[in-house]
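Subject: The structure for you to look at

Hi,

Here is the structure I promised to pass on to you. Have a look at it first, and then read my notes below with the model open beside them.

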There are 2 protein chains.
Amino acid sequence: MPEISADDRGSVSGLFQLLRDGAPRTRAELAKQTGLARSTIATRVDMLMRMGLIVPVGDGVSTGGRPPSQFALNPAARLVVAADLGASHATVALSDLTGAVLVERAEPVAIAQGPDVVLSWLAESARALLAEIGRAESDVAAVGIGLPGPVEFSTGRPFNPPIMPGWDRFDVPGWMREHFDVPVLVDNDVNISALGERAVAWHDVDHLMFVKVATGIGSGIISDGHLQRGSRGSAGDIGHVRVARGGDAPCTCGNTGCLEALASGTAIARSLREAGLDAQSGSDVVDLVKRGDLTAIQAVRQAGRDIGEVLSASVSLLNPSVIAIGGSMARVGEHLIAGVREVVYTRSMPLATERLAVVQSTAGAEAAVIGAGILAIEHALSPRVVSTSLAPTA
Amino acid sequence: MPEISADDRGSVSGLFQLLRDGAPRTRAELAKQTGLARSTIATRVDMLMRMGLIVPVGDGVSTGGRPPSQFALNPAARLVVAADLGASHATVALSDLTGAVLVERAEPVAIAQGPDVVLSWLAESARALLAEIGRAESDVAAVGIGLPGPVEFSTGRPFNPPIMPGWDRFDVPGWMREHFDVPVLVDNDVNISALGERAVAWHDVDHLMFVKVATGIGSGIISDGHLQRGSRGSAGDIGHVRVARGGDAPCTCGNTGCLEALASGTAIARSLREAGLDAQSGSDVVDLVKRGDLTAIQAVRQAGRDIGEVLSASVSLLNPSVIAIGGSMARVGEHLIAGVREVVYTRSMPLATERLAVVQSTAGAEAAVIGAGILAIEHALSPRVVSTSLAPTA
C-alpha cells in the first residue's frame, strides 16, 4: 500500500470523517467538499479502499461520458468495543463504524469490586462477543469505556471517584491495552451518554445537555457540537452544586447540601423512608410513583425542582437548545421533568428559554453504551490512528 | 491576481490564520504545518502577498543551497474598528491585524440614548480616528462591537436588553454597514472581554471564564479555546442566576433574588446606603473600600461570596483553569476576589479546583475594546471574506 506522509495524515482522516455519515459520494463530490485536488482525492480514496474502510457502492449520477464511481463507508470494516460500567451493572457491546450496536452483554457487576475484577469481566465479555459473531480480535479498532465517576480524560484515570474504591488514579487504558492493543478511551458515563443521546435523537443539535438522574446526578455537555470536558475532564459535574433546599444534608463527596444529596434516587428513597414508606432504592421510588403513591409523586416532583434549580443556572451559563433527562429515575416519567421545567422556565431569561426543549432521554438505558462506541470511533479514527493502527497488517 | 476557486478558500484562510501569530515561516515550514503540497503553498503565499496580508521578512535558516524565504503577517495591511459600548461610557479604537490598539477614543456616552445616537457617535469617532492616523476608510476590514446586554450573535441584534431602551432587536450590523461596508460583528461586552483578557494575559489557556462585576454581572466563557455563545448567544449570563441570599430582592430582569440584584456595584451601594453610608454607585463603594471603611469592605467581601456561589456552580459545569474577575468593581482589589475564592474553593470538587486560578483581570478596562478587535479580526479573515472583501480593489 502507498506510504502516508506525515503531512497527509490529517487529510486522509478528514476524508474518512466526511464519509462517516454513510452517504455515498463520487470522487468529484469529495473534491468539492474537501477542497482537495482531484488527483489527491484519487490517491486517498485508493488508500482508504485498500484499508477496507470504504467500498465502492455502484455508480453515481452520470453527467455525460463515463459514469462516476461512488464510495461509502464500510461500517463492517472494523469494530469497537464499547462498555458502560455503572455502580452495580455493566454493559459491554461491539459496535460497527457507524456506532450501531451489533451485539451486547449486560450483567450485574459491582464497580466496587475494583478495577482488576471489573476490567477482566469487560475483556472476557468482549472476547466472548467477538467469538459469538465470528470476528477476530484484530478487527477491534478501539475500546471506549464509561465509568461512574470523575475521569481525567487525557490520561483515562478516575480521579477521587466517590463510589469506586480501588479505582482512584488507576491506569485504565494501560490495563486494557494489555488485552486489546488499540487506543482505549475512558470518560465518565454521563459524558458518553450525551454523545449517545445526540447520536440517537438529536443529530442536528449542537447545544445539548444530557442529565443523568440515578444513584447519583451528573450531566454531559455538548456545545457547538463538541463534548465539553473542561481543563481536567470534570465539566458537567452538577451533582455537587449546592441547592437552596440543601441545608446540611451530607453528601458522599464530603460536602453538604449538594444536589445529589437531595434529588438522587437514593436521596428520594431516604426521604420516603423518613415519611414511613418502604423505599430502599431509587427503583422502589419508581415503583411507588407508578403505583400512584402521592407522597412519592410529590417527592419526585420536588427532586425535579431541585434539579431544575441547578439546570436553570446551567441554562444561563450554557444556553443549550435541548436538555435530555435520562438515568434510572427518568423512568418515573413526566413527574420529574415537570418539576425541572417548572423552575427552569420560571428562573431562566427569555432569550435562553425561547427555543429550549426539556425532554426525557430517547436513548434511555442504551445512551452510555452507544456513546462509548461513538467515543471510540471518533478517537480511533483520528489522524495518527488511521495511518497506523487501522492499516491492515497484511 | 489569480482567481480563488471555491474549494481553495478555506485553505487560503487557514494559511492566513496560521500566520496570524506573527512568527515568520518558510514555505517548507508552512507545508509541514498545513499538510499542503509545496506547489499549493507557493500559489497561496503568492496570493496573500499580492493582497498585502503577508510580507517577506528576510531569509530563514539555510539547509544548504538557496536560502529559503520567510513570510510573516503584515499587521498594518488592514485595520479593524473595535468598539466597547457600555451603559454610560463608550470606547472606540482602531486595531491592527494582530489586535494591537493603534489609537482609541473614550467618551461618556449613555447607551440609553438609543442606537441612532450611539452608533452615529461610533461611526463618526471611527472616521475621526482614521483621519488622525492618516488611513483610508477602505483600509477597514471589519467592525467589532460590544454591547452591555444580551445579543443574538448570529444576527447581531440585542435581545430584550434590560438597560438599553430602543435597542431591542435593532439591526446593529445593518445600520453600521451603511457607514462601513464591511463585516460587522456584534456581541455582548462580556464575551468580547473574555477574548480580550485571553489575548492579553492567557494566550495558552483554553478554558477561561471572564467575569465582569460592574453595574451588572456577566461572564464570557472560553472552552477548548473557543468562545461559547450557546444556541441563541446568551451563554455566560450568570447575573440572573438565583443565589441563596437572594430572597425577594427585585432585579432589573423582572425576577427576584438574582446574583446581580445582590452583588453588583449598584446593589452593594444600595446596601451601604441602607447601612447609613453615602454610596450612590459602585464607584462610591470602591472609594469607601479604598479609604478602609469596614462596612464597605464587609459588603464587598459578601458580594464576592455571592458571586463565588454562582462561580462554584460554573466551575462544576465548565471546569475552567482560569477565572479572571474584571469590571469596575474589580478595582476594590483582593476583598472581592477573596470572597469568591472562599466559596469556590470550599464548594467545588477537588479535580476541578486542583489547578484553578481565580485572579484579577489583567486587561482591566481595556479587555472589551481589545476583544472587540479580536472578534472583528477573527471573523473578518474568515474564508469568504479573505477571498472577497479583503482582496485589493486594484
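Let's begin with a pair of helices, one from each chain. The axes of helix α10 (residues 294–318) of chain A and α10(B) come within 10 Å of each other and cross at roughly 75°. Angles of 65 to 115 degrees count as roughly perpendicular, and α10(A) and α10(B) are therefore roughly perpendicular to each other. From α10(A), the residues that make the contact are Val310(A), Ala313(A), Ser314(A), Leu317(A) and Leu318(A). From α10(B), they are Val310(B), Ala313(B), Ser314(B), Leu317(B) and Leu318(B). Sorted by class, this helix contact has eight nonpolar and two polar residues, and no charged ones. Please keep in mind throughout that this is a predicted model.

How many residues does the contact take from each chain? It takes 45 residues from chain B and 45 residues from chain A. On the side of chain B that touches chain A, the elements giving two or more residues are α1 (9–19), α2 (27–34), α10 (294–318) and α12 (350–353) of chain B.

How are the two copies related? A rotation of 180°, with 0.1 Å of shift along its axis, superposes chain B on chain A with an RMSD of 0.1 Å. That is the relation of a two-fold axis. The same surface serves both copies, as 100% of the contact residues of chain B recur in chain A. If you want to find the axis on your screen, look for Ala244(B): of the residues of chain B, its C-alpha comes closest to the rotation axis, at 2.9 Å.

Next, zoom in on chain A alone.

In which order do its strands lie? This open sheet of five strands has the order β6-β5-β4-β7-β10 (chain A), with mixed pairing. The edge strands, β6 (101–108) and β10 (184–188) of chain A, each pair on one side only. Neighbouring strands are turned by 15° against each other on average, direction ignored. For one pair in detail, take strand β4 (residues 79–85) and strand β5 (residues 89–95) of chain A, which run antiparallel and are joined by six bridges. Within this pair, Ala82(A) has Ala93(A) in β5(A) as its bridge partner.

Two helices pack on the sheet. Helix α4 (residues 115–132) of chain A touches β4, β5 and β6 of chain A, and its direction makes about 35° with that of β5(A). Helix α6(A) touches β4, β7 (140–147) and β10 of chain A, and its direction makes about 100° with that of β10(A).

Enjoy exploring!

Best wishes

Key. Residues numbered from 1 in each chain as written. Chains lettered and ligands numbered in written order. Predicted model: local features only at pLDDT ≥ 70, side-chain atom pairs only at ≥ 80, totals over all residues. Least-squares fit on C-alpha atoms with pLDDT ≥ 70 in both. Contact = placed C-beta atoms within 7 Å. Helix = DSSP H or I, 4+ residues; strand = E, 2+ residues; numbered from the N terminus. Pairing = 2+ DSSP bridges. Axes fitted to C-alpha atoms, helices over the stretch in contact; angles between N-to-C directions. Parallel < 35°, antiparallel > 145°, perpendicular 65-115°, else oblique. Nonpolar A, V, L, I, M, F, W, Y, C, P; charged D, E, K, R; others polar.
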